[in-house]
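Biologist: I would like to learn how to read a model like this one, feature by feature. Where should we begin?

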Amino acid sequence: MTAGVLLVACALLYAVAVGTAAGQTVDIRLFSAAQAWNPTLEPLVAPLRPGIPVVLAVACGAAAAVRLWRAAPGPVVRVGVGVGVTVAVALLLKRVLERPYLGDAGYVENTFPSGHVAVSAALALALLTLCSPAAARALVLPVALVVAAACVVNVVGHAHRPADTLGALLLAAAVHATVAPARARFTRPVAAVHP
């Protein structure tokens, strides 16, 4: 999927889920249905919501250190830029986009896209890019589950509506597709050249 397609999908999601009464109604119904999990998951929300991005950042730091040790700084720079741009754009969008009040399903404070989910998704994509191909294949499912958990705790914990989390995923994927389009070869340490 190209970055353009992902950005268009993110914009359409905002236009429909946030900008229409029907979209807001569906979003609030999904949000309300998710609250059925609140009694079970509430004890996990407090540590997981801030903890998931921290754990992913530590894992990315370790993977970046391996890349740098193997003399491959290019991917580290690209994914670092990707994470930074994702966070900046998510924060900017939350400030400039409006959430129109369209009845009982709405309120005027914009929460689209979720910053916690955007940074979690960006870090997850960075981690998979920085790992060796074998490690990335082994980690793709656990990392996807961690990002899914970030989405769930943000909705169940009353921080975001489902569309906010989906928008964050689309934003992170679009930025990542732009700055890290090609997976750089995982290289071995460069041997010193002696004359």
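Modeller: Begin with the naming of elements: helices (H or I, at least four residues) and strands (E, at least two) are DSSP runs, numbered from the N terminus. By that numbering, Q35 is found in the loop between α2 and α3. This is a predicted model, in which local features need pLDDT of at least 70 and side-chain atom pairs count only at pLDDT 80 or more, while totals for chains, interfaces and linings use all residues. Residues are numbered from 1 along each chain as its sequence is written, and side-chain values use heavy atoms, with hydrogens and water left out.

Biologist: What does the pLDDT say about the protein chain?

Modeller: pLDDT is the predictor's confidence in each residue, from 0 to 100. The protein chain has a mean of 87, with 90% of its residues at 70 or more. Over residues 184-195 the value is below 50, although this stretch has 18 contacts in the model beyond near neighbours in sequence (contact: heavy atoms within 4.5 Å). Where pLDDT is low, the predicted coordinates should not be read in detail.

Biologist: Is Q35 buried or exposed?

Modeller: Buried means under 20% relative accessible area, exposed over 50%, and partly exposed in between (1.4 Å probe, protein chains only). Q35 has 17% relative accessibility, so Q35 counts as buried. Leaving aside neighbours within four places in sequence, Q35 is in contact with V155, V156 and H158.

Biologist: How is an aromatic pair described?

Modeller: By the distance of the centres and the angle of the planes. Rings of Phe, Tyr and Trp (its six-membered ring) pair if their centres lie within 6.5 Å; planes under 30 degrees apart count as stacked, over 60 as edge-to-face and the rest as tilted. The structure holds one such pair. The ring centres of Y14 and F112 are 5.4 Å apart and the planes are at 50°, so the pair is tilted. Y14 lies in helix α1 (residues 3-18) and F112 in the loop between α4 (73-96) and α5, so the pair ties together parts 98 residues apart in sequence.
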